[in-house]
Amino acid sequence: MKLILHAYEGLCSEEQMAMDEWMLKALGYQQSYHMRLYSMKETYSIGRIQKYASLNGVFEQNSSYKIVRRPTGGGLVQHDDDFVISFVIPSGETLYDLKVIDLYAYLHQLFSEVLESLQIESYLNPNCGDSKPSVCFESPTKFDILRKGSTEKIVGSAIKKTKEGLLVQSSFNCGLKKRNFSRLFLDRLIEKCQFFESVEKSDRFNDQLESWKALSEHYKSQAWREKL
């Protein structure tokens, strides 16, 4: 199975969300793993089924921040100095067949190993915590990555599963730049998984551009952002 690395520059926050869902939908005609890394400055991202009105008090703390709703679940994430890894897994693959909590633990163990090689000591949270936290990084859940010697959450993920595949959006808030992490993570993923036949880089849209544009308009709409 091929791994496609997507590198699209200059996307706004809503377009980043659309791009992640577009990768998932693309599995309908291109059965490959897909991965991309990006940052969103001064942005709040909220989970797919979070109630918008219940978060107004948080939004008021930084009224200049953009607010986007993710295609995945989970709680609110404040994006400033963090970066996001999005990873799409086709149906029928071994990782797709894992229970969601087991996939969460598997990927976070990989992340933790790479962080360790970058001198960031961490561990996977053994406790269940709040299964539906309103603010993601304030309430670690089971298998979130915490900084060693503390309960500070530095990595959390949200997952969406469809019949075509899985979308994982993972936020890293540990003082790293995405370039310092991406190469090491890719090498570790290839080494441990050993099921990629090839790795291909993509920095241009294919013939599905129109569907991506439609998704972008959807994520920019007030109806989607404030739907609950």
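Analyst: Two strands pair if DSSP finds at least two bridges between them; strands (E, at least two residues) and helices (H or I, at least four) are DSSP runs numbered from the N terminus. Residues are numbered from 1 along each chain as its sequence is written, and side-chain values use heavy atoms, with hydrogens and water left out. Local features need pLDDT of at least 70, side-chain atom pairs count only at pLDDT 80 or more, and totals for chains, interfaces and linings use all residues, since the model is predicted.

User: In which sense do S3 and S5 pair?

Analyst: Strand S5 covers residues 77–79 and is joined to S3 over three bridges. In one of these pairings, threonine 43 has histidine 79 of S5 as its bridge partner. The sense of the S3 and S5 pairing is antiparallel.

User: Which are the edge strands of the open sheet of eight strands?

Analyst: The order in this open sheet is S7-S8-S9-S10-S6-S2-S1-S11, and the pairing is mixed. An edge strand here pairs on one side only. That applies to S7 (122–124) and S11 (198–202).

User: What is the bridge partner of leucine 37 in S6?

Analyst: Strand S2 (residues 33–38) pairs with strand S6 (residues 83–90) in the antiparallel sense, over five bridges. Helix H1 (residues 13–25) lies across both of them, as well as S1, S9 and S10, and runs at about 170° to S2. Leucine 37 has as its partner in S6 isoleucine 85.

User: At what angle do the axes of H4 and H5 cross?

Analyst: Axes are lines fitted to C-alpha atoms, for helices over the stretch in contact, and angles run from 0 to 180 degrees between N-to-C directions. Those of H4 (residues 100–117) and H5 (residues 178–193) come within 10 Å. The crossing angle is roughly 125°.

User: How many residues of the contact of H4 with H5 are charged?

Analyst: The contact (heavy atoms within 4.5 Å) includes Tyr106, Leu110 and Glu113 of H4 and Phe181, Arg188 and Lys192 of H5. Ala, Val, Leu, Ile, Met, Phe, Trp, Tyr, Cys and Pro count as nonpolar, Asp, Glu, Lys and Arg as charged, and the others, Gly among them, as polar. On that scheme, the contact residues divide into ten nonpolar and one polar, and the number charged is three.

User: Is serine 216 buried or exposed?

Analyst: Serine 216 is part of helix H6 (residues 209–220). Leaving aside neighbours within four places in sequence, serine 216 is in contact with Glu15 and Ala18. Because its relative accessibility is 3%, serine 216 counts as buried.

User: What is the phi of glutamine 119?

Analyst: Most residues other than glycine have a negative phi. Glutamine 119 lies in the loop between H4 and S7, and at 68% relative accessibility it counts as exposed. Although not a glycine, glutamine 119 has a positive phi of about 65°.

Definitions and conventions
Buried means under 20% relative accessible area, exposed over 50%, partly exposed in between (1.4 Å probe, protein chains only).
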